[in-house]
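Thank you all for coming. I would like to take a few minutes to walk through one structure, and I will ask you to keep the sequence and the model in view while I speak.

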Amino acid sequence: MSLKKASIIIILILLVDQISKIYIKTHFVLNEDVTVFSWFKIAFVENDGMAWGTKLSDFFTFISDKSAKLILTLFRIVAVTGIGFWLVDVAKKKKSKILIFAISIIFAGALGNILDSVFYGVLFSDSHMQVAEILPEGGGYAGVFYGNVVDMLHFPIWSGILPEWLPLIGGKYFSFFDPVFNVADVAISTGIGILIVFNKKAFKESSKIDKPDLESHNNLN
């Protein structure tokens, strides 16, 4: 897969991700949800931390929430920069299509969430008890690097009381699947899943010899 094709995939994912986030941000109040199916809801939440809403300050109590947010955003920028260089490298070396595709969607997802963290605090007003405005006169709800990631996909597939005969968790309430996520998260998870499941195919070295190299080899014999 060429770098051009990879770029098209990245742009498409970014467009779907950002359009869906901007729509939710400008049409939903924070924590508002709409049931599409019994197992699928559009639920607007904002995440100012890592996965599942976890914050660095939860682990390092000496760090303030604001500092933790800045560190996380800067780390994401460094990480996505590294992924970008990796993508360019594997594309130039004409590695497997599976590897290039997986890195491309991981990069797109990571970049999509970085856009939220870096710019959304400046671009949008607060969503608490109101629908956010784009470029509000009074300024955004946070500064650059302090924006929250917009999530909206919720799949409450099943919830209920677990059977008593189950050890440890029997008789307790259980819900699957509670986390709310976005298109960028789906891209990242899918890319990582591809690398895990198709690890051998993704990282295999090409056994093909380019035509010019083959002709040179034959001329030496």
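What follows is a short tour that begins with the overall layout, goes on to a helix contact and the aromatic rings, and ends in the loops.

Before anything else, please bear in mind that this is a predicted model. The chain has 7 helices and 6 strands, and if you read along the sequence, they come in the pattern α-β-β-α-α-α-β-β-β-β-α-α-α. Of the 221 residues in the chain, 36% are buried. Among the contacts in the chain with a separation of 6 or more, 64% are accounted for by residues 24 or more positions apart.

Let me turn to the helix contact. Helix 1, residues 3-27, packs with helix 4, residues 97-123, at an angle of about 35°, and their axes are 9 Å apart; the crossing of these two helices is right-handed. On the side of helix 1 the contact is made by residues including Ile9, Ile13 and Asp17, and on the side of helix 4 by residues including Phe101, Leu111 and Tyr120. What is the division of the residues in this contact into nonpolar, polar and charged? It comes to 14 nonpolar, 4 polar and 3 charged.

Next, the aromatic rings. The count comes to 9 aromatic pairs. One of them is formed by tyrosine 120 and phenylalanine 124, with 4.9 Å centre to centre and 65° between the planes, and this pair is edge-to-face. Both tyrosine 120 and phenylalanine 124 are buried. Another pair is formed by tryptophan 158 and phenylalanine 174, whose ring centres are 6.5 Å apart and whose planes are at 35°, so this pair is tilted. Because tryptophan 158 lies in strand 4, residues 158-161, and phenylalanine 174 in strand 5, residues 173-176, the pair ties together parts that are 16 residues apart in sequence.

Still with the aromatic residues, Phe37, Trp39, Phe40, Phe155, Phe176, Phe177 and Phe181 form one aromatic cluster. At tyrosine 146, the ring has the charged end of lysine 66 sitting over it, 5.5 Å from the ring centre.

Lysine 94 lies in the loop between helix 3, residues 65-92, and helix 4, and although lysine 94 is not a glycine, it has a positive phi of about 55°. With a relative accessibility of 66%, lysine 94 counts as exposed. Phenylalanine 145, which is likewise not a glycine, has a positive phi of about 80°; this residue lies in the loop between helix 4 and strand 3, residues 149-154, and is partly exposed, with a relative accessible area of 29%.

Proline 163 is found in the loop between strand 4 and strand 5, and at 33% relative accessibility it counts as partly exposed. Which residues does proline 163 touch, if we do not count those up to four places away in sequence? They are Gly170 and Gly171. Between the C-alpha atoms of proline 163 and tyrosine 173, which are 10 residues apart along the chain, the separation is 9.7 Å.

That is where I will stop, and I am happy to go back to any of these places in the model.

Technical notes:
Residues are numbered from 1 along each chain as its sequence is written. This is a predicted model: local features need pLDDT of at least 70, side-chain atom pairs count only at pLDDT 80 or more; totals for chains, interfaces and linings use all residues. Side-chain values use heavy atoms; hydrogens and water are left out. Rings of Phe, Tyr and Trp (its six-membered ring) pair if their centres lie within 6.5 Å; planes under 30 degrees apart count as stacked, over 60 as edge-to-face and the rest as tilted. Buried means under 20% relative accessible area, exposed over 50%, partly exposed in between (1.4 Å probe, protein chains only). Helices (H or I, at least four residues) and strands (E, at least two) are DSSP runs, numbered from the N terminus. A charge sits over a ring if NZ of Lys or CZ of Arg is within 6 Å of the ring centre and within 35 degrees of the ring normal. Axes are lines fitted to C-alpha atoms, for helices over the stretch in contact, and angles run from 0 to 180 degrees between N-to-C directions. A crossing is left-handed if the near helix is turned anticlockwise from the far one by less than a right angle, and right-handed if clockwise. Contact means heavy atoms within 4.5 Å. Ala, Val, Leu, Ile, Met, Phe, Trp, Tyr, Cys and Pro count as nonpolar, Asp, Glu, Lys and Arg as charged, and the others, Gly among them, as polar.
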